[in-house]
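Here are my notes on the model, point by point. Please keep the viewer open as you read.

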Amino acid sequence: MDLRLMDATATDAERSAVDGVLGPPESGWTGAERAPLDDRIARAGHHRAMALRHLLLPALHGLQSNIGWISKGGLNYVCERLGVPPAEAYGVASFYALLATEERATRVAHVCDDIACKLAGADALVAELDGGPDGTDVVTSPCLGQCERATAVLLQLAGEDDFVLAPATAEAVTAALADEPAPPMPPAPPAAPQSPDPQLRVLRRVGRVDPDSLDHYRALGGYEALRTAVAMGPAGVIREVKDSGLVGRGGAAFPTGIKWEGAARQPARPHYLICNADESEPGTFKDRVLLEEDPYGTIEAMTIAGYAVGAEHGYLYVRGEYPLAIQRLQSAIDQARARGFLGHDVMGEGFDFDLEIRKGAGAYICGEETALFNSIEGYRGEPRNKPPYPTEVGLFGKPTVVNNVETLVNVLDIVRQGGPAFAAIGTDRSTGAKLFCLSGHVTTPGVYEVDFGVTLGELIDMAGGVRDGATLRAVLLGGAAGYFVGPDAVDMPLTFEGTRDAGATLGSGVVMVFDETTDFTVITRRIAAFFRDESCGQCVPCRVGTVRQEEALARIANGSHNGEVALLGEIARVMQDASICGLGHTAAGAVQSAIALGLVGGDG
């Protein structure tokens, strides 16, 4: 840290940017902002200023959005307002990829060069842009969650809202950076090719509902599930969720009803609810589609969950690379609150529940639930040791339920139709429907909804098969944290038990298809680079192991096979056995499976 930080003074523009988020120094905070604040103050020994720390990330976002970077003077002013030591605030600001702690251009293009975009020509796009027009920056980025319409570019323009171009062209990016009229863009493929289809379950409203209209959402059955839930009572809702067999759709597959029941029983108050929409796994974009196209579905489901577990306040933690989702969610929250579906005495039914959005800032690790707690609380997004578990000691030290978007949206059907009806769909151990994100060398990429039990080959056929009639070489299941499987896996049933028996994983629902033209050394090196960059660095096995894994793959790419495969195996075992969190546990899975299939490290 630059020691001169303490001496820097904020400019009027920097003060204005921070005050735009926190309000002028003499003002108070909203009820939603005060909820965690009041709880922290109530705990002995907490000075009032220290309790404001949970507003640190929003304040940093406000500063960067208006000024273009986190300046020394601006950071000092944030610290002054929130009572956070400058060294700690700098540690938080420098933790996130989308926050700049060094002065840079006010117009920046983040070009995704992760797996799906790389297959679609991202490297050529970066070369064509060649740094961008004068006074602008073009940088490469990990997955932006736009895999069905690769290649993708996130534009950060100081003083303006962020936005995404996908599929992007060099002409369109250059025009945006130069503040010129955009040229005609190639048409974006449908994000959910099956929609609109009222027979779908999770995707039922995608393509049918106006995401900006509460009235249209209600006309399609919106808020019927919440009224049914209130009639059941909290215990009744939890009973139905348990009977449904619903498990988490973000990758961990923990039984949702058991999680809710465990939190609801905790005597400590308040309880918190978090929707984990920090969907950063390369190849994953299903939650983005739900948030952008059906925002009220998530909000209603969160209200039901909050009612069931006794939480009066919830957070929607949305990755910063999803500006459209954030915009639509905020509009939906405002409308729902104005109409009595959020806030005090929801629908006149005698319970309180309100929501606020927390915008992420580019950190894959914040998808881990305890790292997410730290991020919301204003600390670096580093995972915590377990136990204690979040349902006992979570956000602000209180019982907390964390579910991802897809998991929550399933609750709407469970409440409406009953748990047993939901459990009758799919298989005995994998109940309901599942969303899969198809991308790569597939004819029609997008989000697909199927009942558990269809085979991998059937799902790929639904998306038109391998593009241009090419030969299937491999499929990456679960994203960068998943596993490669070969063509012989097309008959594998897509269930939690089916993939587990095959030594693979469903993970977050990634199904990335690769044909025979793929250079898997390039792909696995990109995966290794991703984990190297995204490791929080807290524990040695992951911090060092991800670097050593990438170095070994680089040597293989350069023609060296002198013990590199054996070394990679040793690195994998150490990371799996000794890392603190799931990032380290899964960072070697894709590489090891590629080696086992002969895709890298041999003649493949």
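1. The charged end of Arg53 sits over the ring of Tyr379, 3.9 Å from the ring centre. Arg319 places its charged end over the ring of Tyr322, at 5.2 Å from the centre. The criterion for a charge over a ring: NZ of Lys or CZ of Arg within 6 Å of the ring centre and within 35 degrees of the ring normal.

2. A word on provenance. This is a predicted model, where local features need pLDDT of at least 70, side-chain atom pairs count only at pLDDT 80 or more, and totals for chains, interfaces and linings use all residues. Residues are numbered from 1 along each chain as its sequence is written, and side-chain values use heavy atoms, with hydrogens and water left out.

3. The whole structure holds 14 aromatic pairs (rings of Phe, Tyr and Trp, the last by its six-membered ring, with centres within 6.5 Å; planes under 30 degrees apart are stacked, over 60 edge-to-face, the rest tilted). Tyr217 and Tyr296 are stacked, because their ring centres are 5.5 Å apart and their planes stand at 25°. Tyr217 belongs to helix α9 (residues 214-219) and Tyr296 to helix α14 (residues 295-309), so the pair ties together parts 79 residues apart in sequence. Both Tyr217 and Tyr296 are buried (under 20% relative accessible area, with exposed over 50% and partly exposed in between; 1.4 Å probe, protein chains only). Tyr217, Tyr223, Tyr296 and Phe341 form one aromatic cluster.

4. Helix α14 also carries Tyr307, while Phe351 lies in the loop between α15 (323-338) and β7 (354-359), so this pair ties together parts 44 residues apart in sequence. The rings of Tyr307 and Phe351 have centres 4.8 Å apart and planes at 50°, so the pair is tilted. Tyr307 is buried at 15% relative accessible area. Phe351 counts as buried too, at 10%.

5. Now the sheet. Five strands form an open sheet with mixed pairing, in the order β10-β9-β13-β11-β12. Strands are DSSP E runs of at least two residues, helices H or I runs of at least four, numbered from the N terminus; two strands pair if DSSP finds at least two bridges between them. β10 (446-451) and β12 (483-485) are at the edges with a single partner strand each, so one side of each has no neighbour in the sheet.

6. Which strand does β9 (residues 433-440) join through 4 bridges? The partner is β13 (residues 510-515), and the two run parallel. Within β13, Met512 is the bridge partner of Ser439.
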